[in-house]
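Q: Could you walk me through this model, one feature at a time? I would like the general idea and then the case at hand.

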Amino acid sequence: MVSDKSIYIKTFGCQMNVYDSDRMRAGLEKNGFRPEPDVRRADVILLNTCSIREKAEHKVLSLLGQLRTLKDRDPHKVIGVAGCVGQRMGRALLQTIPALDFVVGPDAIDRLPGILEEVYSKGSRVVDTQLDGGGRVYSQPVPSAAWARPAEFLTVMKGCDHFCSYCIVPFVRGREKSRPIAEIIADVKRLVAAGAKEITFLGQNINTYGKGTAETLSQLIDEADRVTELERIRYVTSHPRDLNEELMSQFGNTPKLCPALHLPFQAGSDRILKRMARFYTQAEYLAKVERLRHYCPDIALSTDVIVGFPGETEEDFKQTLHLLESVRFSGAFLFKYSSRPGTRASHFTDEVAEPVKEERLERAQEIAYGWIKKENEGKKGRKEKCLIESLDKKGSYYMGRSLSNKVVHVLNAGAACLGKIIEVEITDATVASLKGYYVGAPKVSRQMDPKISASVPPA
Ligand code: SF4
(Lines give C-alpha, C1' and ligand atoms only; values in the text may rest on other atoms or scores of the structure.)
Protein backbone atom coordinates (compact mmCIF):
# COMPACT_ATOMS: atom_id res chain seq x y z
CA MET A 1 0.00 0.00 0.00
CA VAL A 2 1.24 3.51 -0.82
CA SER A 3 1.58 5.38 2.44
CA ASP A 4 2.70 8.73 3.72
CA LYS A 5 2.06 10.53 0.46
CA SER A 6 0.29 13.85 0.42
CA ILE A 7 -2.45 14.77 -2.04
CA TYR A 8 -3.79 18.06 -3.36
CA ILE A 9 -7.18 17.96 -5.13
CA LYS A 10 -8.47 20.85 -7.23
CA THR A 11 -12.12 20.73 -8.21
CA PHE A 12 -13.63 22.35 -11.29
CA GLY A 13 -17.31 22.57 -12.24
CA CYS A 14 -20.54 21.58 -10.58
CA GLN A 15 -21.59 20.46 -7.10
CA MET A 16 -21.49 16.86 -8.24
CA ASN A 17 -17.76 17.27 -8.82
CA VAL A 18 -17.37 18.80 -5.35
CA TYR A 19 -19.13 15.75 -3.95
CA ASP A 20 -16.96 13.40 -6.04
CA SER A 21 -13.81 15.15 -4.81
CA ASP A 22 -14.96 14.58 -1.21
CA ARG A 23 -15.35 10.89 -1.99
CA MET A 24 -11.89 10.75 -3.61
CA ARG A 25 -10.34 12.49 -0.60
CA ALA A 26 -12.07 10.18 1.88
CA GLY A 27 -11.11 7.02 -0.06
CA LEU A 28 -7.48 8.10 -0.40
CA GLU A 29 -7.18 9.16 3.24
CA LYS A 30 -8.44 5.71 4.24
CA ASN A 31 -5.55 4.33 2.19
CA GLY A 32 -2.83 6.36 3.90
CA PHE A 33 -2.77 9.62 1.88
CA ARG A 34 -2.62 12.97 3.72
CA PRO A 35 -4.46 16.06 2.42
CA GLU A 36 -2.07 18.89 1.42
CA PRO A 37 -3.57 22.34 0.75
CA ASP A 38 -0.42 23.70 -0.96
CA VAL A 39 -0.11 22.39 -4.51
CA ARG A 40 3.68 22.98 -4.53
CA ARG A 41 4.26 20.65 -1.57
CA ALA A 42 1.89 17.82 -2.56
CA ASP A 43 3.23 14.46 -3.73
CA VAL A 44 0.08 13.83 -5.80
CA ILE A 45 -1.82 16.55 -7.66
CA LEU A 46 -5.29 15.57 -8.84
CA LEU A 47 -7.53 17.78 -10.98
CA ASN A 48 -11.21 16.81 -10.86
CA THR A 49 -12.47 18.36 -14.05
CA CYS A 50 -15.52 19.64 -15.91
CA SER A 51 -16.08 19.54 -19.67
CA ILE A 52 -19.59 20.97 -19.90
CA ARG A 53 -18.27 24.03 -21.75
CA GLU A 54 -15.21 24.65 -23.87
CA LYS A 55 -14.01 27.36 -21.47
CA ALA A 56 -14.06 24.97 -18.50
CA GLU A 57 -11.95 22.49 -20.44
CA HIS A 58 -9.46 25.18 -21.48
CA LYS A 59 -8.96 26.12 -17.83
CA VAL A 60 -7.94 22.55 -17.02
CA LEU A 61 -5.55 22.32 -19.97
CA SER A 62 -3.96 25.63 -19.08
CA LEU A 63 -3.46 24.56 -15.44
CA LEU A 64 -1.88 21.31 -16.62
CA GLY A 65 0.58 23.42 -18.62
CA GLN A 66 1.55 25.30 -15.45
CA LEU A 67 1.89 22.09 -13.43
CA ARG A 68 4.47 20.82 -15.89
CA THR A 69 6.92 23.32 -14.39
CA LEU A 70 6.40 21.79 -10.94
CA LYS A 71 7.03 18.33 -12.33
CA ASP A 72 10.17 19.53 -14.14
CA ARG A 73 11.49 20.68 -10.76
CA ASP A 74 10.40 17.51 -8.96
CA PRO A 75 9.98 14.50 -11.31
CA HIS A 76 8.64 12.40 -8.40
CA LYS A 77 5.41 14.35 -8.33
CA VAL A 78 2.41 12.40 -9.61
CA ILE A 79 -0.20 14.32 -11.62
CA GLY A 80 -3.65 12.99 -12.51
CA VAL A 81 -6.86 14.12 -14.17
CA ALA A 82 -10.25 12.85 -13.00
CA GLY A 83 -13.84 13.73 -13.90
CA CYS A 84 -15.47 14.63 -17.20
CA VAL A 85 -12.37 15.85 -19.11
CA GLY A 86 -10.66 12.59 -18.13
CA GLN A 87 -13.65 10.59 -19.34
CA ARG A 88 -13.96 12.53 -22.60
CA MET A 89 -10.30 12.63 -23.60
CA GLY A 90 -8.98 9.48 -21.91
CA ARG A 91 -5.77 8.14 -23.41
CA ALA A 92 -5.50 11.10 -25.82
CA LEU A 93 -4.94 13.38 -22.82
CA LEU A 94 -2.14 11.17 -21.55
CA GLN A 95 -0.55 11.21 -25.01
CA THR A 96 -0.81 15.00 -25.32
CA ILE A 97 0.53 15.84 -21.87
CA PRO A 98 3.73 13.95 -21.01
CA ALA A 99 3.70 15.23 -17.40
CA LEU A 100 0.47 13.36 -16.71
CA ASP A 101 0.64 10.05 -14.83
CA PHE A 102 -2.98 8.96 -14.81
CA VAL A 103 -6.39 9.80 -16.27
CA VAL A 104 -9.62 8.52 -14.77
CA GLY A 105 -13.35 9.02 -15.36
CA PRO A 106 -16.14 9.70 -12.82
CA ASP A 107 -16.85 5.99 -12.28
CA ALA A 108 -13.26 5.17 -11.29
CA ILE A 109 -13.32 6.99 -7.94
CA ASP A 110 -13.39 3.81 -5.85
CA ARG A 111 -10.47 2.41 -7.89
CA LEU A 112 -8.23 5.47 -7.30
CA PRO A 113 -6.13 4.00 -4.43
CA GLY A 114 -5.34 0.96 -6.61
CA ILE A 115 -4.49 3.19 -9.58
CA LEU A 116 -2.05 5.23 -7.49
CA GLU A 117 -0.54 2.01 -6.16
CA GLU A 118 0.13 0.98 -9.77
CA VAL A 119 1.63 4.37 -10.65
CA TYR A 120 3.97 4.26 -7.65
CA SER A 121 4.92 0.58 -7.66
CA LYS A 122 5.29 0.00 -11.40
CA GLY A 123 5.85 3.53 -12.68
CA SER A 124 2.96 2.93 -15.09
CA ARG A 125 0.88 5.64 -16.72
CA VAL A 126 -2.73 4.57 -16.20
CA VAL A 127 -6.04 5.28 -17.96
CA ASP A 128 -9.33 4.13 -16.40
CA THR A 129 -12.45 5.50 -18.10
CA GLN A 130 -14.67 2.49 -17.68
CA LEU A 131 -18.29 3.45 -17.01
CA ASP A 132 -20.49 1.24 -14.82
CA GLY A 133 -22.61 -1.14 -16.84
CA GLY A 134 -25.48 -3.01 -15.27
CA GLY A 135 -28.92 -2.05 -14.05
CA ARG A 136 -30.71 1.08 -13.00
CA VAL A 137 -29.54 1.06 -9.38
CA TYR A 138 -26.13 1.72 -7.89
CA SER A 139 -24.80 2.08 -4.39
CA GLN A 140 -22.49 4.79 -3.17
CA PRO A 141 -22.97 5.75 0.48
CA VAL A 142 -21.11 8.87 1.63
CA PRO A 143 -18.05 8.06 3.70
CA SER A 144 -18.75 8.64 7.38
CA ALA A 145 -17.13 11.76 8.79
CA ALA A 146 -16.98 13.23 12.26
CA TRP A 147 -18.37 16.53 10.99
CA ALA A 148 -20.43 17.85 8.12
CA ARG A 149 -20.85 21.28 6.55
CA PRO A 150 -24.08 23.08 7.56
CA ALA A 151 -25.31 22.80 3.96
CA GLU A 152 -24.32 19.49 2.40
CA PHE A 153 -24.78 18.04 -1.09
CA LEU A 154 -25.73 14.44 -1.66
CA THR A 155 -25.62 12.65 -5.01
CA VAL A 156 -28.74 10.51 -5.39
CA MET A 157 -28.34 9.50 -9.02
CA LYS A 158 -25.88 9.78 -11.86
CA GLY A 159 -25.97 9.96 -15.63
CA CYS A 160 -28.68 11.16 -17.97
CA ASP A 161 -30.90 9.52 -20.60
CA HIS A 162 -31.92 12.70 -22.38
CA PHE A 163 -29.21 13.49 -24.94
CA CYS A 164 -29.97 17.19 -25.40
CA SER A 165 -28.17 17.91 -28.66
CA TYR A 166 -25.57 20.28 -27.13
CA CYS A 167 -24.76 18.30 -23.98
CA ILE A 168 -21.77 16.12 -23.21
CA VAL A 169 -23.13 14.70 -19.92
CA PRO A 170 -24.64 11.43 -21.23
CA PHE A 171 -21.29 10.68 -22.93
CA VAL A 172 -19.12 11.31 -19.88
CA ARG A 173 -21.45 10.24 -17.07
CA GLY A 174 -23.35 7.41 -18.78
CA ARG A 175 -27.02 6.42 -18.47
CA GLU A 176 -29.23 7.23 -15.49
CA LYS A 177 -28.81 5.17 -12.35
CA SER A 178 -30.34 5.92 -8.96
CA ARG A 179 -29.36 5.06 -5.42
CA PRO A 180 -32.01 3.38 -3.25
CA ILE A 181 -34.00 5.70 -0.97
CA ALA A 182 -33.08 3.70 2.15
CA GLU A 183 -29.37 4.20 1.47
CA ILE A 184 -29.82 7.93 0.78
CA ILE A 185 -31.85 8.49 3.94
CA ALA A 186 -29.19 6.66 5.96
CA ASP A 187 -26.67 9.17 4.53
CA VAL A 188 -28.98 12.09 5.34
CA LYS A 189 -29.24 10.93 8.97
CA ARG A 190 -25.47 10.50 9.20
CA LEU A 191 -24.84 13.99 7.78
CA VAL A 192 -27.44 15.55 10.08
CA ALA A 193 -25.90 13.81 13.10
CA ALA A 194 -22.54 15.29 12.03
CA GLY A 195 -23.97 18.83 11.92
CA ALA A 196 -25.70 19.37 8.55
CA LYS A 197 -28.95 21.37 8.61
CA GLU A 198 -29.60 21.48 4.89
CA ILE A 199 -29.23 18.81 2.22
CA THR A 200 -29.31 19.41 -1.53
CA PHE A 201 -29.99 16.25 -3.50
CA LEU A 202 -27.95 16.12 -6.70
CA GLY A 203 -28.70 14.49 -10.01
CA GLN A 204 -28.08 15.57 -13.61
CA ASN A 205 -31.77 15.12 -14.37
CA ILE A 206 -33.11 14.67 -10.88
CA ASN A 207 -36.81 14.73 -11.71
CA THR A 208 -36.47 11.23 -13.18
CA TYR A 209 -34.77 9.90 -10.04
CA GLY A 210 -35.76 6.25 -9.56
CA LYS A 211 -36.49 5.63 -13.27
CA GLY A 212 -36.78 1.89 -13.84
CA THR A 213 -37.44 1.25 -10.12
CA ALA A 214 -40.50 1.67 -7.90
CA GLU A 215 -39.04 4.77 -6.20
CA THR A 216 -39.56 8.44 -7.13
CA LEU A 217 -38.11 11.83 -6.23
CA SER A 218 -41.38 12.80 -4.50
CA GLN A 219 -41.05 9.77 -2.23
CA LEU A 220 -37.43 10.62 -1.47
CA ILE A 221 -38.40 14.19 -0.53
CA ASP A 222 -41.24 12.98 1.71
CA GLU A 223 -38.88 10.58 3.47
CA ALA A 224 -36.26 13.29 3.95
CA ASP A 225 -38.93 15.68 5.23
CA ARG A 226 -39.54 13.22 8.08
CA VAL A 227 -35.89 13.23 9.24
CA THR A 228 -35.90 15.06 12.56
CA GLU A 229 -33.16 17.71 12.90
CA LEU A 230 -32.94 18.16 9.12
CA GLU A 231 -34.24 21.67 8.50
CA ARG A 232 -33.97 22.32 4.78
CA ILE A 233 -34.20 20.24 1.59
CA ARG A 234 -33.33 21.33 -1.95
CA TYR A 235 -32.70 19.44 -5.20
CA VAL A 236 -31.00 20.17 -8.49
CA THR A 237 -31.12 19.96 -11.56
CA SER A 238 -34.66 19.81 -12.93
CA HIS A 239 -35.71 19.29 -16.52
CA PRO A 240 -38.93 21.17 -17.42
CA ARG A 241 -40.36 18.15 -19.25
CA ASP A 242 -39.92 15.83 -16.25
CA LEU A 243 -41.15 18.17 -13.52
CA ASN A 244 -44.53 16.57 -12.81
CA GLU A 245 -47.57 17.84 -10.90
CA GLU A 246 -46.70 15.89 -7.76
CA LEU A 247 -43.21 17.43 -7.59
CA MET A 248 -44.62 20.91 -8.19
CA SER A 249 -47.31 20.49 -5.52
CA GLN A 250 -44.68 19.50 -2.95
CA PHE A 251 -43.49 23.12 -2.93
CA GLY A 252 -46.85 23.95 -1.37
CA ASN A 253 -47.14 21.15 1.16
CA THR A 254 -43.68 19.94 2.23
CA PRO A 255 -42.49 22.03 5.16
CA LYS A 256 -38.75 21.45 4.77
CA LEU A 257 -38.59 21.81 1.00
CA CYS A 258 -37.13 25.29 0.36
CA PRO A 259 -39.21 27.53 -1.94
CA ALA A 260 -36.54 27.68 -4.64
CA LEU A 261 -36.15 25.74 -7.87
CA HIS A 262 -33.54 25.79 -10.62
CA LEU A 263 -35.43 25.15 -13.87
CA PRO A 264 -33.22 25.65 -16.95
CA PHE A 265 -35.19 26.79 -20.01
CA GLN A 266 -32.11 27.19 -22.29
CA ALA A 267 -33.93 28.94 -25.17
CA GLY A 268 -37.22 30.73 -25.70
CA SER A 269 -37.81 29.77 -29.33
CA ASP A 270 -39.73 26.55 -29.98
CA ARG A 271 -37.70 26.00 -33.14
CA ILE A 272 -34.41 26.17 -31.23
CA LEU A 273 -35.78 24.07 -28.34
CA LYS A 274 -36.59 21.39 -30.92
CA ARG A 275 -33.05 21.56 -32.33
CA MET A 276 -31.73 21.32 -28.79
CA ALA A 277 -33.90 18.18 -28.31
CA ARG A 278 -35.41 19.62 -25.14
CA PHE A 279 -38.93 18.26 -25.80
CA TYR A 280 -40.98 21.19 -24.47
CA THR A 281 -42.20 24.47 -25.89
CA GLN A 282 -42.09 27.96 -24.44
CA ALA A 283 -45.84 27.72 -23.67
CA GLU A 284 -45.34 24.44 -21.80
CA TYR A 285 -42.48 25.95 -19.80
CA LEU A 286 -44.56 28.99 -18.87
CA ALA A 287 -47.48 26.74 -17.86
CA LYS A 288 -45.18 24.93 -15.39
CA VAL A 289 -44.02 28.27 -13.98
CA GLU A 290 -47.67 29.17 -13.44
CA ARG A 291 -48.38 25.86 -11.66
CA LEU A 292 -45.32 26.29 -9.43
CA ARG A 293 -46.45 29.79 -8.48
CA HIS A 294 -49.95 28.46 -7.89
CA TYR A 295 -48.64 25.99 -5.30
CA CYS A 296 -45.99 28.32 -3.88
CA PRO A 297 -46.51 32.00 -4.76
CA ASP A 298 -43.10 33.08 -3.39
CA ILE A 299 -41.07 30.37 -5.09
CA ALA A 300 -37.68 31.68 -6.30
CA LEU A 301 -37.02 30.37 -9.79
CA SER A 302 -33.59 30.34 -11.37
CA THR A 303 -32.55 29.19 -14.81
CA ASP A 304 -29.83 28.44 -17.38
CA VAL A 305 -29.84 30.07 -20.80
CA ILE A 306 -27.75 29.37 -23.89
CA VAL A 307 -27.49 32.19 -26.43
CA GLY A 308 -26.21 31.80 -29.98
CA PHE A 309 -27.14 28.13 -30.45
CA PRO A 310 -26.49 27.13 -34.10
CA GLY A 311 -29.18 28.56 -36.36
CA GLU A 312 -30.51 31.01 -33.75
CA THR A 313 -31.95 34.03 -35.59
CA GLU A 314 -32.70 37.44 -34.13
CA GLU A 315 -36.38 36.42 -33.99
CA ASP A 316 -35.51 33.22 -32.09
CA PHE A 317 -33.35 35.20 -29.68
CA LYS A 318 -36.15 37.69 -29.02
CA GLN A 319 -38.20 34.73 -27.73
CA THR A 320 -35.47 34.12 -25.14
CA LEU A 321 -35.68 37.76 -24.07
CA HIS A 322 -39.46 37.43 -23.95
CA LEU A 323 -39.19 34.46 -21.60
CA LEU A 324 -36.74 36.30 -19.35
CA GLU A 325 -39.14 39.25 -19.18
CA SER A 326 -42.19 37.04 -18.58
CA VAL A 327 -40.82 34.90 -15.75
CA ARG A 328 -38.55 37.46 -13.98
CA PHE A 329 -36.15 34.89 -12.57
CA SER A 330 -34.51 35.21 -9.14
CA GLY A 331 -31.26 33.87 -10.56
CA ALA A 332 -29.91 33.19 -14.05
CA PHE A 333 -26.79 31.59 -15.51
CA LEU A 334 -26.33 32.82 -19.07
CA PHE A 335 -23.83 31.31 -21.48
CA LYS A 336 -22.73 31.66 -25.08
CA TYR A 337 -23.12 28.36 -26.91
CA SER A 338 -19.88 26.42 -27.25
CA SER A 339 -19.65 23.27 -29.31
CA ARG A 340 -18.75 20.06 -27.47
CA PRO A 341 -17.09 17.36 -29.57
CA GLY A 342 -19.18 14.22 -30.00
CA THR A 343 -22.56 15.88 -29.43
CA ARG A 344 -25.19 16.11 -32.18
CA ALA A 345 -25.05 19.92 -32.21
CA SER A 346 -21.30 19.79 -32.92
CA HIS A 347 -22.26 18.71 -36.45
CA PHE A 348 -24.58 21.70 -37.04
CA THR A 349 -22.93 23.95 -39.56
CA ASP A 350 -24.99 27.12 -39.11
CA GLU A 351 -22.90 28.52 -36.22
CA VAL A 352 -23.77 31.99 -34.96
CA ALA A 353 -20.85 34.42 -35.33
CA GLU A 354 -18.94 35.18 -32.12
CA PRO A 355 -19.66 38.97 -32.09
CA VAL A 356 -23.39 38.20 -32.46
CA LYS A 357 -23.22 35.76 -29.54
CA GLU A 358 -21.42 38.40 -27.45
CA GLU A 359 -24.02 41.02 -28.24
CA ARG A 360 -26.91 38.66 -27.47
CA LEU A 361 -25.33 37.61 -24.20
CA GLU A 362 -25.10 41.25 -23.12
CA ARG A 363 -28.73 41.91 -24.01
CA ALA A 364 -29.92 38.81 -22.16
CA GLN A 365 -27.79 39.70 -19.14
CA GLU A 366 -29.18 43.22 -19.05
CA ILE A 367 -32.74 41.90 -18.75
CA ALA A 368 -32.07 38.95 -16.45
CA TYR A 369 -29.76 40.84 -14.07
CA GLY A 370 -32.06 43.87 -14.11
CA TRP A 371 -34.91 41.78 -12.68
CA ILE A 372 -32.66 40.01 -10.19
CA LYS A 373 -31.34 43.36 -8.90
CA LYS A 374 -34.87 44.72 -8.61
CA GLU A 375 -35.98 41.66 -6.64
CA ASN A 376 -32.94 41.84 -4.36
CA GLU A 377 -33.44 45.54 -3.71
CA GLY A 378 -37.05 44.83 -2.80
CA LYS A 379 -35.74 42.73 0.08
CA LYS A 380 -34.19 45.72 1.84
CA GLY A 381 -35.77 46.20 5.25
CA ARG A 382 -37.14 42.64 5.20
CA LYS A 383 -36.03 39.81 7.45
CA GLU A 384 -34.68 36.61 5.92
CA LYS A 385 -33.97 33.32 7.66
CA CYS A 386 -30.39 32.39 6.74
CA LEU A 387 -28.38 29.26 7.36
CA ILE A 388 -24.85 30.46 8.15
CA GLU A 389 -22.42 28.31 6.18
CA SER A 390 -18.94 29.85 6.38
CA LEU A 391 -16.83 32.97 6.28
CA ASP A 392 -16.97 34.72 2.92
CA LYS A 393 -14.05 34.45 0.46
CA LYS A 394 -12.22 37.44 1.93
CA GLY A 395 -12.68 36.10 5.46
CA SER A 396 -14.44 39.35 6.44
CA TYR A 397 -17.99 38.28 7.26
CA TYR A 398 -20.00 35.16 7.85
CA MET A 399 -22.25 34.27 4.99
CA GLY A 400 -25.22 32.03 4.48
CA ARG A 401 -28.21 31.42 2.27
CA SER A 402 -31.79 32.50 2.56
CA LEU A 403 -34.68 30.13 1.98
CA SER A 404 -34.81 31.44 -1.60
CA ASN A 405 -31.13 30.46 -2.01
CA LYS A 406 -29.77 34.02 -2.07
CA VAL A 407 -26.23 34.50 -0.75
CA VAL A 408 -26.42 36.75 2.34
CA HIS A 409 -23.39 38.38 3.98
CA VAL A 410 -24.13 39.00 7.65
CA LEU A 411 -22.19 42.00 8.90
CA ASN A 412 -22.44 41.32 12.63
CA ALA A 413 -22.58 37.54 12.90
CA GLY A 414 -19.92 35.82 14.99
CA ALA A 415 -18.50 32.30 14.91
CA ALA A 416 -21.29 31.16 17.23
CA CYS A 417 -23.74 31.62 14.33
CA LEU A 418 -21.96 29.07 12.13
CA GLY A 419 -24.33 26.21 11.31
CA LYS A 420 -27.35 28.03 12.73
CA ILE A 421 -30.41 29.46 11.05
CA ILE A 422 -30.63 33.10 12.08
CA GLU A 423 -32.88 36.01 11.18
CA VAL A 424 -31.12 38.68 9.13
CA GLU A 425 -32.45 42.15 8.38
CA ILE A 426 -31.45 43.04 4.82
CA THR A 427 -29.84 46.45 4.38
CA ASP A 428 -28.04 46.21 1.05
CA ALA A 429 -28.43 44.33 -2.24
CA THR A 430 -26.56 43.72 -5.48
CA VAL A 431 -27.24 41.30 -8.33
CA ALA A 432 -24.98 38.71 -6.72
CA SER A 433 -25.89 38.91 -3.04
CA LEU A 434 -27.57 40.54 -0.08
CA LYS A 435 -26.10 42.12 3.04
CA GLY A 436 -27.66 42.58 6.42
CA TYR A 437 -27.58 42.32 10.19
CA TYR A 438 -28.30 39.44 12.50
CA VAL A 439 -31.39 40.65 14.30
CA GLY A 440 -30.76 38.65 17.47
CA ALA A 441 -27.08 39.59 17.84
CA PRO A 442 -25.98 41.05 21.18
CA LYS A 443 -25.80 44.85 20.75
CA VAL A 444 -22.07 44.98 21.51
CA SER A 445 -21.15 42.84 18.50
CA ARG A 446 -22.87 45.35 16.18
CA GLN A 447 -20.31 47.95 17.20
CA MET A 448 -17.19 45.85 17.34
CA ASP A 449 -16.12 46.43 13.76
CA PRO A 450 -15.83 50.07 12.62
CA LYS A 451 -16.84 49.05 9.08
CA ILE A 452 -20.02 47.63 10.59
CA SER A 453 -20.85 50.41 13.05
CA ALA A 454 -20.54 53.00 10.27
CA SER A 455 -23.57 51.51 8.55
CA VAL A 456 -25.62 50.05 11.38
CA PRO A 457 -29.25 50.90 10.79
CA PRO A 458 -31.05 52.82 13.53
CA ALA A 459 -32.44 50.48 16.21
S1 SF4 B 1 -31.11 16.81 -19.43
FE2 SF4 B 1 -29.36 18.03 -18.72
S3 SF4 B 1 -27.71 16.55 -18.35
FE4 SF4 B 1 -29.27 15.51 -19.60
S5 SF4 B 1 -28.56 15.77 -21.72
FE6 SF4 B 1 -30.00 17.45 -21.28
S7 SF4 B 1 -28.72 19.16 -20.54
FE8 SF4 B 1 -27.48 17.28 -20.46
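Q: Which domains does the domain assignment of the protein chain give?

A: First, a word on reading it: this is a predicted model, where local features need pLDDT of at least 70, side-chain atom pairs count only at pLDDT 80 or more, and totals for chains, interfaces and linings use all residues. Residues are numbered from 1 along each chain as its sequence is written, and side-chain values use heavy atoms, with hydrogens and water left out. Domain bounds come from an automatic or database assignment; here they give domain 1 (5–128), domain 2 (151–377) and domain 3 (383–453).

Q: How many residues of domain 2 and domain 3 are in contact, and what area is buried between them?

A: Contact means heavy atoms within 4.5 Å, and 17 residues of domain 2 meet 17 residues of domain 3 in this way. Buried area is the accessible area (1.4 Å probe) that two parts lose on being put together, summed over both. Between domain 2 and domain 3 that is about 1,300 Å², with carbon and sulfur atoms giving 59%. The centres of these two domains, taken over C-alpha atoms, are 28 Å apart.

Q: Which side chains form the salt bridge between domain 2 and domain 3?

A: Side chains of opposite charge can pair when their charged atoms come close. The rule here asks for a side-chain nitrogen of Lys or Arg within 4 Å of a carboxyl oxygen of Asp or Glu. One salt bridge is counted between the two domains, and Lys406 and Glu375 pair at 3.3 Å, N to O.

Q: Which element supplies the largest share of the side of domain 2 that touches domain 3?

A: Helices (H or I, at least four residues) and strands (E, at least two) are DSSP runs, numbered from the N terminus. Helix 12 (354–377) and strand 11 (232–236) each supply at least two residues of that side, and helix 12 gives the largest share, six residues.

Q: How many salt bridges are counted by this rule?

A: The count comes to 43. In one of them, Arg149 pairs with Asp22, their closest N and O atoms lying 2.4 Å apart. This pair links distant parts of the chain, 127 residues apart: Asp22 is in helix 1 (residues 15–30), and Arg149 is in the loop between strand 6 (126–128) and strand 7 (151–155).

Q: Which residues are around the ligand?

A: A residue counts as near when one of its heavy atoms lies within 4 Å of the molecule. The residues here are Cys160, His162, Phe163, Cys164, Tyr166, Cys167, Val169, Pro170, His239 and Arg278. Phe163 also has a positive phi, near 55°, in a residue other than glycine.
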